[in-house]
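User: I'd like to learn how to read the packing and ring features of a protein model. Can you walk me through one?

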Amino acid sequence: MPRSSATSPQLMRRMNATLVARFALRAEEFTAADVMAATDLTRATVLGVCADLVAAGWLEERADSRAAGLTSKGRPARRYRLRREVGVLVGLDADEHHYIVRVTDVRGGALAETTTAVDSRTIGPVGRAETARAAIRETLADAGRAPDEILLTVVGIPAPAGPSGDSPAGEGGYWPLMNAHFVDELEGRVIVENDANLATLAESAASDDGLGDNVATLLADERFGAGLIVDGRLLRGPRGGAGEMRFLRLIFDEDHASDGLGALARHWAREALRGSGAPSSLRDLDVVEPSDVLRAARDGDPLASDIVLRLGARIARIAFALTSLLDVEKVVVAGDLSGELDDVLRVARELLASDYPPPIPALEASALGGDAIIAGAIERALAEVHEDPLAFL
């Protein structure tokens, strides 16, 4: 009778090696006894797997416990740890206007980070790919590492990304421009993911109790996009389009229907300053940016305060739409502006409570702000490595 593939020696050895490699990713240094206490593996199995992982370059053997001064009698225990040279992870927040690159070790410890301005409309997809390669190489150099040490690069883009990392045609060519064929154009193994999905992963990891099983993380700076957790699962869709906010054009019949809070604050401020002679501290500024509007509103500026009311009404309506469609219980507003949105969210909460029928979602500002996407890229990379560490040997 043929042996079941589920119990074949090769499969069992791989499963055992995966257990030890996952343990090594969590521990600074460890002995066979440490692994045995955390798994059902025998001492002989652990030592055999560790020898294999040392030979493969994943682990290195350290001074034994006696030499390290940890024991004084009995057989000295062999000690192991991950090799520094095992490789690095790269996260890339590939925004339309800037790139953030973060390089970490395989436990997520930051080694280097750079930010690069990008004029995507001018340089096109070819230029975006070239700029990304250069930015990654620069950040690797800052970390003292080389391109051939990259285990995995995760790229967050303001566009849907399907299972193969491609983006569908749409939005007047905006989605393909944002993607720039990163899977093929960057060195090594690459995953391309929607930026709001990555922000959702990061927000969930940063929360002590988790975000919850039904949550929308709303990127709300220049364009609205949402990462959606429904029944405990991150929604993506066959083309990666879950969370794209194109339905806003049906809700808001205007040219700026899909604009985020930052873009709206900028546009409405400029429109109001041109359209009336009302006094405002914003008139003293050469260029009015979203933070200027929010700051002026906090200081009692009437023109800016009116814009905050409009922004709050916009968020309330979007949050209610998300709850109506997906029954989410909470909406987390993320992005660079999230730390400045207290007044906007207060208005939105009041409107949800007074003008909309229950159930209504809770509204929160992001704990991570503008760091959410790049943090999510590293979180996704860590999850991939922990899921199947042997795939990266």
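Analyst: Here is a short tour, from the whole chain down to single residues. Keep in mind that this is a predicted model.

User: Let's begin with the overall picture. How many helices and strands does the protein chain have?

Analyst: There are 13 helices and 13 strands in the protein chain. Along the principal axes, the C-alpha atoms fill a box of roughly 85 × 50 × 45 Å. Of the 393 residues, 48% are buried. As for contacts between residues at least 6 apart in sequence, 64% join residues at least 24 apart.

User: Now helix packing. At what angle do α7 and α13 pack?

Analyst: Angles of 65 to 115 degrees count as roughly perpendicular. Helix α7 (residues 195-206) meets helix α13 (residues 372-387) at about 80 degrees, and their axes are 7 Å apart. The two are therefore roughly perpendicular to each other. On the α7 side the contact includes Leu 198, Ala 199, Leu 201 and Ala 202, and on the α13 side it includes Ile 373, Ala 375, Gly 376 and Ala 377. By class, that contact has nine nonpolar, one polar and four charged residues.

User: Which residues of α1 meet α13?

Analyst: Thr 18, Arg 22, Leu 25 and Arg 26 of α1 do, and they meet Val 385, His 386 and Glu 387 of α13. Sorted by class, this contact has two nonpolar, two polar and three charged residues. Helix α1 covers residues 9-26, and its angle with α13 is about 145 degrees, with the axes 9 Å apart.

User: On to the rings. How many aromatic pairs does the structure hold?

Analyst: A pair of aromatic rings is described by the distance of the centres and the angle of the planes. This structure holds three aromatic pairs. Take Phe 23 and Phe 30: their ring centres are 5.4 Å apart and the planes are at 80 degrees, so the pair is edge-to-face. Both Phe 23 and Phe 30 are buried. Ring pairs also link Phe 23, Phe 30 and Tyr 80 into a cluster.

User: And what about Phe 320 and Tyr 356: how far apart are the centres of their rings?

Analyst: They are 4.9 Å apart, and with the planes at 40 degrees the pair is tilted. This pair links distant parts of the chain, with Phe 320 in helix α11 (residues 302-326) and Tyr 356 in the loop between α12 and β13, 36 residues apart. Tyr 356 is partly exposed, at a relative accessible area of 23%.

User: Which charged residue lies over the face of Tyr 174?

Analyst: That's Arg 223, at 4.1 Å from the ring centre. A second case has the charged end of Arg 310 over the ring of Trp 268, 3.9 Å from its centre.

User: Last topic, single residues. Is Ile 315 buried or exposed?

Analyst: Under 20% relative accessible area means buried. Ile 315 has 1%, so it counts as buried. This residue lies in helix α11. Among the residues it touches are Leu 218, Phe 224, Leu 261 and Val 333. Ile 315 and Leu 352 are 37 residues apart in sequence, yet 9.5 Å apart in space, C-alpha to C-alpha.

User: Where does Thr 104 lie?

Analyst: Thr 104 is in strand β5 (residues 98-104). With a relative accessible area of 1%, Thr 104 is buried. Thr 104 touches residues including Val 88, Leu 89, Gly 109 and Ile 378.

How values were computed. Residues numbered from 1 in each chain as written. Predicted model: local features only at pLDDT ≥ 70, side-chain atom pairs only at ≥ 80, totals over all residues. Heavy atoms only, no water. Axes fitted to C-alpha atoms, helices over the stretch in contact; angles between N-to-C directions. Helix = DSSP H or I, 4+ residues; strand = E, 2+ residues; numbered from the N terminus. Parallel < 35°, antiparallel > 145°, perpendicular 65-115°, else oblique. Contact = heavy atoms within 4.5 Å. Nonpolar A, V, L, I, M, F, W, Y, C, P; charged D, E, K, R; others polar. Phe/Tyr/Trp six-rings, centres within 6.5 Å; stacked < 30°, edge-to-face > 60°. Buried < 20%, exposed > 50% of the residue type's maximum accessible area, 1.4 Å probe, protein only. Lys NZ or Arg CZ within 6 Å of the ring centre and 35° of its normal. Lists of a residue's contacts leave out its neighbours within four places in sequence.
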